[in-house]
Amino acid sequence: MRKLLRALWLIITSPFRLLARMWRKLTGGLQSFFIEEPEDTPLGDTVQKALDNPSDILVHLAALRGHLVRAVLALLLVAGLAFNYAAPILDWLAAPIGGINELQAVDVTEPIGVVMRVTLLLAFTVTLPYISLELLLFAAPGLKRRARIIGLVSIPLVMVFFLGGMLFTYYVILPQAIPFLLGFKGIPTLARPSSYISFATGLMFWIGASFELPLLAYVLASMGILPARILRQNWRIATVVLAVIAAAITPTVDPINMLLVLVPLLLLYFMSVGTASLAEGQRRARLERRR
């Protein structure tokens, strides 16, 4: 009888014990995130320690796998919800080409592929803050407390910059590129949904990712990882690299559309120099105050 009562008690209290365990884990994680400081170990010693104890690397890889699994599960969950909104988003994306009626599918499975591509882009955009949080939590044990807080505060800005790049592509680049593509040399073109949507979503994704450069430079410089001097001294090399990237992103061969991509990338690079210099100055001032 006592065993039966004990079993019933464990069953009844199991939800409360689970919540208490989750609460202890959450509070402990918050305490370590905002309060604990890692050991200030030189990079060379850290690398040597990893080489001497390869099992430590496996522990970090296992932790990375957990963060990536949670990020992918969140992405899939949001994708399932975003599937219901794929149709209006598809109509919105097709507006620069004249509407969804201007697209003619050829393959039987083509509409499904197009909807899935739009769904994944929408899901990635929505879950980007959570994905950034998981990456920050993975790197948090090796970061200073201030660096962790800066990374946490920067997560909403990641979303803002990414959306800014996507909207810039939609309202500035696509209206210029689409007429050129459809009317090149007077050849009539009937766009397929897979071709146009792949072009539009790919361009929006990469330009949106490029808009993260100033924020990334600020965060890395505030951590002491990326000196602003390196960005200033290598601006010529960066210009060539960005020109190659712009040529790869731009689907046309004309210089006008390439410049529409290259000019924002160059502006973002020089903004990155400014944000890195700002973060470096703030970091230097903090170190002087501590002295």
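Q: Is Glu212 buried or exposed, and which side chain of opposite charge is nearest to Glu212?
A: Glu212 is buried and yet has no salt bridge, and the nearest side chain of opposite charge, that of Arg117, is 18 Å away. Buried means under 20% relative accessible area, exposed means over 50%, and partly exposed lies in between (1.4 Å probe, protein chains only). A salt bridge is a side-chain nitrogen of Lys or Arg within 4 Å of a carboxyl oxygen of Asp or Glu, and for charge Lys and Arg count as positive, Asp and Glu as negative, while His and the chain ends are not counted.

Q: Before I go on, what kind of model is this?
A: This is a predicted model, in which local features need pLDDT of at least 70 and side-chain atom pairs count only at pLDDT 80 or more, while totals for chains, interfaces and linings use all residues. Residues are numbered from 1 along each chain as its sequence is written, and side-chain values use heavy atoms, with hydrogens and water left out.

Q: Back to Glu212: where is Glu212, and what is Glu212 in contact with?
A: Glu212 sits in the loop between helix H7 (193-210) and helix H8 (213-222). If its neighbours within four places in sequence are left aside, Glu212 is in contact (heavy atoms within 4.5 Å) with Leu128, Val158, Phe161 and Phe162.

Q: How many helices and strands does the protein chain have?
A: The protein chain has 11 helices and zero strands, where helices (H or I, at least four residues) and strands (E, at least two) are DSSP runs numbered from the N terminus. Of the 291 residues of the protein chain, 31% count as buried.

Q: And what share of the contacts joins residues at least 24 apart?
A: Taking the contacts in the protein chain between residues at least 6 apart in sequence, 83% of them join residues at least 24 apart.

Q: Changing topic, how many salt bridges are there?
A: The count comes to two salt bridges. In one of them the side chains of Glu134 and Arg70 meet, at 3.3 Å from N to O, and this pair links distant parts of the chain, with Glu134 in helix H5 and Arg70 in helix H3, 64 residues apart.

Q: Which residues form a salt bridge with the closest N and O atoms 3.1 Å apart?
A: That salt bridge is formed by Arg192 and Glu110, and the pair again links distant parts of the chain, since Arg192 is in the loop between H6 and H7 and Glu110 is in helix H5, 82 residues apart. In general, side chains of opposite charge can pair when their charged atoms come close.

Q: What about Arg148, buried or exposed?
A: Arg148, which is placed in helix H6, is buried because its relative accessible area is 2%. The C-alpha atoms of Arg148 and Leu137 are separated by 8.6 Å, and these two residues are 11 apart along the chain.

Q: Which residues do ring pairs link into a cluster?
A: Ring pairs link Phe124, Phe162, Phe205 and Trp206 into a cluster. Within it, Phe162 is buried at a relative accessible area of 3%, whereas Phe124 counts as partly exposed at 23%.

Notes
Phe/Tyr/Trp six-rings, centres within 6.5 Å; stacked < 30°, edge-to-face > 60°.
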